[in-house]
Amino acid sequence: MGNQLHLTYFFLLLSFIITGSGAYAHPDFTKLFVFGDSYVDTGNLENGTQPWKEPYGITYPGKPAGHFSDGRVFSEFIAAWMGIEPPTPYRFRRWRPTEQGMNFAYGGSGVFYTSTNMSAQIDLFEQVLEEKLYTQDDLNDSIALVANSGNDYLAYINNGGSPQGMPDFIISVVTQLRSNLQRIHNLGVKKIVVMEIQPLGCLPAFALRYSYEKCNDTANLVATFHNILLTAAVEELNLESGESAFVRLPMYDAFMSAIKKHEDETGTSDTLSPCCPGITSNNYCGQVENGEKKYSVCTDPTSAFFWDWVHPTQAGWQAVYSVLRSSTANPFQMEFWGSF
């Protein structure tokens with residue numbers, strides 16, 4: 001219950017901050033710092049990598065822009081809700097404005113895997129702070145958005161990890177994630193918003209086994225256990241800090257609700273089907289070999305929920321974001337806001 005209240009405080013407070021025109025009515029939070037993976041990365045991968053290839057970005061901005069989608073990703077919806085521009089990717093910090101925060105997320109990362117894992121991203125954040133790019137007042141007015149969307153578990157499976165060892169591995173992932181959240185807070189960020197893992201078994205990569213007609217229950221159990229442990233970790237962090245500094249976003253339920261709504265509205269059963277699949281399970285969206293495309297693209301990406309094997313479309317992210325917003329519809333008294 002406490003975490004549901006914290007989520008409500010988050011969106012209600014942002015609603016209070018933003019006026020209908022997008023101007024600030026009460027600018028409590030004016031900067032966004034982003035850590036994590038491709039669900040929130042807006043351009044940190046190098047040119048020539050998957051999100052910089054066609055057809056990524058086909059919906060927005062109309063060309064590849066380093067986003068793992070046909071358009072906007074989740075962090076951009078949070079920035080818009082705050083009334084600010086999406087924070088500049090760390091990679092472009094020398095050439096683009098950084099007044100509204102910075103995005104350190106790196107597609108494909110986890111808490112353990114890839115060269116730019118979450119610990120490395122926080123290292124970069126610490127370096128930026130040492131360069132005095134942001135003051136403590138800036139950090140007091142900021143929110144950190146943290147995504148850990150399952151790359152550690154995909155790597156565990158791909159590296160031959162056993163089913164029997166998965167529970168212990170999940171514990172180690174959440175333990176490291178908890179440490180990362182604490183470290184961000186210790187560096188001076190007052191509010192840290194961490195995303196749950198989405199239902200992994202509903203991603204097209206897992207639903208392919210069932211012809212996209214249903215989710216993989218085993219993979220969803222991994223996500224469920226992760227989220228149970230994350231809920232406990234967030235509660236512990238808030239108790240230790242003596243304040244509601246950490247907020248958990250219920251991405252699992254938001255995805256499930258958005259998927260169900262998409263099925264009801266479209267009247268189809270292909271919601272789990274990707275708009276841009278590889279021609280085989282070994283190929284991927286954007287892959288070209290010897291001038292031959294190894295993928296296909298659906299007629300209308302704006303009507304699809306999933307973009308490729310593991311990422312939502314812009315429309316899919318919009319649907320998830322809308323569910324999260326609607327979950328805060330019940331009014332709360334003003335005094336509750338102070339605890340966030």
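Buried here means under 20% relative accessible area, exposed means over 50%, and partly exposed is in between (1.4 Å probe, protein chains only). This is a predicted model in which local features need pLDDT of at least 70 and side-chain atom pairs count only at pLDDT 80 or more, while totals for chains, interfaces and linings use all residues. Residues are numbered from 1 along each chain as its sequence is written, and side-chain values use heavy atoms, with hydrogens and water left out.

**View 1. Thr313 sits in the loop between β8 (292-293) and α10 (314-326).** Helices (H or I, at least four residues) and strands (E, at least two) are DSSP runs, numbered from the N terminus. Thr313 is buried, at a relative accessible area of 0%. Its side chain gets to the backbone nitrogen of Gly316 at 2.9 Å.

**View 2. Thr313 meets partners from elsewhere in the chain.** Gly71 is 242 residues away along the chain, yet the two C-alpha atoms are 6.8 Å apart.

**View 3. Phe35, Phe74 and Tyr153 touch the most other members of the largest nonpolar core, which has 83 residues.** Such a core is a set of buried Ala, Val, Leu, Ile, Met, Phe, Trp, Tyr and Cys residues joined through side-chain atoms within 4.5 Å.

**View 4. Another core, of 7 residues, lies apart from the largest one.** Among its members are Tyr56, Tyr295, Ala304 and Trp307.

Terms used. Contact means heavy atoms within 4.5 Å. A polar contact is a pair of N or O atoms within 3.5 Å; within protein, one must be able to donate a hydrogen and the other to accept it, and residues adjacent in sequence count only if both atoms are side-chain atoms. Lists of a residue's contacts leave out its neighbours within four places in sequence.
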